[in-house]
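Reader: I am new to this structure. Please take me through its aromatic rings, one close look at a time.

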Amino acid sequence: LSLLLKATLLRLASGSYRPFYNGFYYNHIMNDDGNGQDKVDYFSGSKLVVETPKDPIYSYSGANVTLPCHYRYEPDMEPKRRIRIKWSKLRDDYTKEQDVMVAIGKTYMAFGDFKGRAHLRQASRHEASLVISDVRLKDDGKYRCEVIEGLEDESDVVDLRLRGIVFPYQPPRGQYRLNFHEAEQVCQDQGAILANFNQLFQAWSEGLDWCNAGWLADGTVQYPIRLPRKPCGGVHLAPGIRSYGPRHRHLHRFDAFCFSSALKGEVFYLDRPAGMTLEEAKQSCQDAGAEIARVGQLYSAWKFLGLDRCSAGWLADGSVRYPIVTPRANCGPAEPGVRTFGFPSKGRFGVFCYKER
C-alpha cells in the first residue's frame, strides 16, 4: 500500500496537476542522491523578497561605493538552507554582462576586473550589499543582486552611475577618422572611456550641443543638438539626440564621445616667459613631480574642481587647450567651456600637469 501511495504521489507531482496540501503545493524536485529518482518535497509557504534602491547610486572614479541589497521572507523566518548571493553586471537591456562575485556564508569569490575590489557587506540581518573599492569608469551600469536558497531564487537591480563629463574628441588627423575600436582607444588614451547613451543624454540635458557624430559604447553613432540648425539634421527637428543607429565597427568612421569622471588628483598650470615646446612641457611636468595632463583630466578639473585659466597649455595628445569657468573678454566665447587651439605642429605654450594626491 505504501509503494502504491508513493507511486500515485509521484505521478501527480510530475504531471500538470499538483496535489493541494495544507494550503500549499507540492514541489517536484530531483532526488539529492543523484540516482535519477524523483521525490516529493513540501513548499514552505514563505516568500523570498529581494530589495534594492529604486533611485540610482552615484559615485565617481577612485571612490568606494556600496550598492545596497537586502532580502527577507514573508512571513518572516530564518532560511533552512545556506544562502548563496550572486552579483552580476548587466547590459542596458538587462541581459547578463559579467559575473562580479558570488558568496556562500563568509566565503566569497570575485571575478575578472572585480578581483580584489569587490566584497559583501553583511552588517545586518539579511543584508547582501556589494562594496566596490577604487571605482573605475567602466564600473558605471546596472548590477543584479541575486539571492538563492535551495529552489528559491529572487533578484533586484541597482543602477550605479558615475558623476562625470562627456566631451567630444577628434584625433590630430581630423574629423571622422576613427572606427569603433580606434574610438575606444583614443578615449582610453585621454583618461576616459567611450560614453554610453545615458551619459550623453545627461550631458545634452546640461547643455552639450555638438554637430559632429561620434561613437558611443554600444556601437551606435549619435550626436546631441540643443539648437536645431540646417547642418545638424535641419531646423524643423526638435532638439535632442540625433542617432545614426548601429554602425560597422571596423569600416565606418566618426568622432568619439568620451566620458571622464572626477579626479583623485589635481590639474595645475606651468609656464615660462618664452613658453615651451611639447617636449619641454612634458619635462616641466616631470620636474614638478607630475605628468602632462590628458584631455579627460582637463575636462574633469574644469567641471569638478572649477579650473579656470585664460592661458593656453599643452596636453598629452599634443593639443593645446584652456578651461574657462567664468567667461570674460579675450577668453573665447560667452559660454563656459574648454577652448581648443587644435594640434599645432609648432608654437610655444604653457602646460597643464596632473598630479595624484
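**Aromatic rings and their partners**

Author: Start with a charge over a ring. In this predicted model, the charged end of arginine 226 sits over the ring of tryptophan 204, at 5.4 Å from the ring's centre. Arginine 249 does likewise with phenylalanine 180: its charged end sits over that ring, 4.3 Å from the centre.

Now the pairs themselves. The structure holds 15 aromatic pairs. Take tryptophan 215 and phenylalanine 254. Their ring centres are 5.8 Å apart and their planes stand at 80°, so this pair is edge-to-face. Tryptophan 215 lies in strand β17, residues 214–215. Phenylalanine 254 lies in the loop between β19 (240–246) and β20 (255–261). The pair therefore ties together parts that are 39 residues apart in sequence. Both tryptophan 215 and phenylalanine 254 are buried.

Next come tyrosine 223 and tyrosine 244. They form an edge-to-face aromatic pair, with 6.0 Å from centre to centre and 80° between the planes. Tyrosine 223 is in strand β18 (residues 220–225) and tyrosine 244 is in strand β19. This pair links distant parts of the chain, 21 residues apart.

Tyrosine 244 has 35% relative accessibility, so it counts as partly exposed.

Terms used. Residues are numbered from 1 along each chain as its sequence is written. This is a predicted model: local features need pLDDT of at least 70, side-chain atom pairs count only at pLDDT 80 or more; totals for chains, interfaces and linings use all residues. Side-chain values use heavy atoms; hydrogens and water are left out. Rings of Phe, Tyr and Trp (its six-membered ring) pair if their centres lie within 6.5 Å; planes under 30 degrees apart count as stacked, over 60 as edge-to-face and the rest as tilted. Helices (H or I, at least four residues) and strands (E, at least two) are DSSP runs, numbered from the N terminus. Buried means under 20% relative accessible area, exposed over 50%, partly exposed in between (1.4 Å probe, protein chains only). A charge sits over a ring if NZ of Lys or CZ of Arg is within 6 Å of the ring centre and within 35 degrees of the ring normal.
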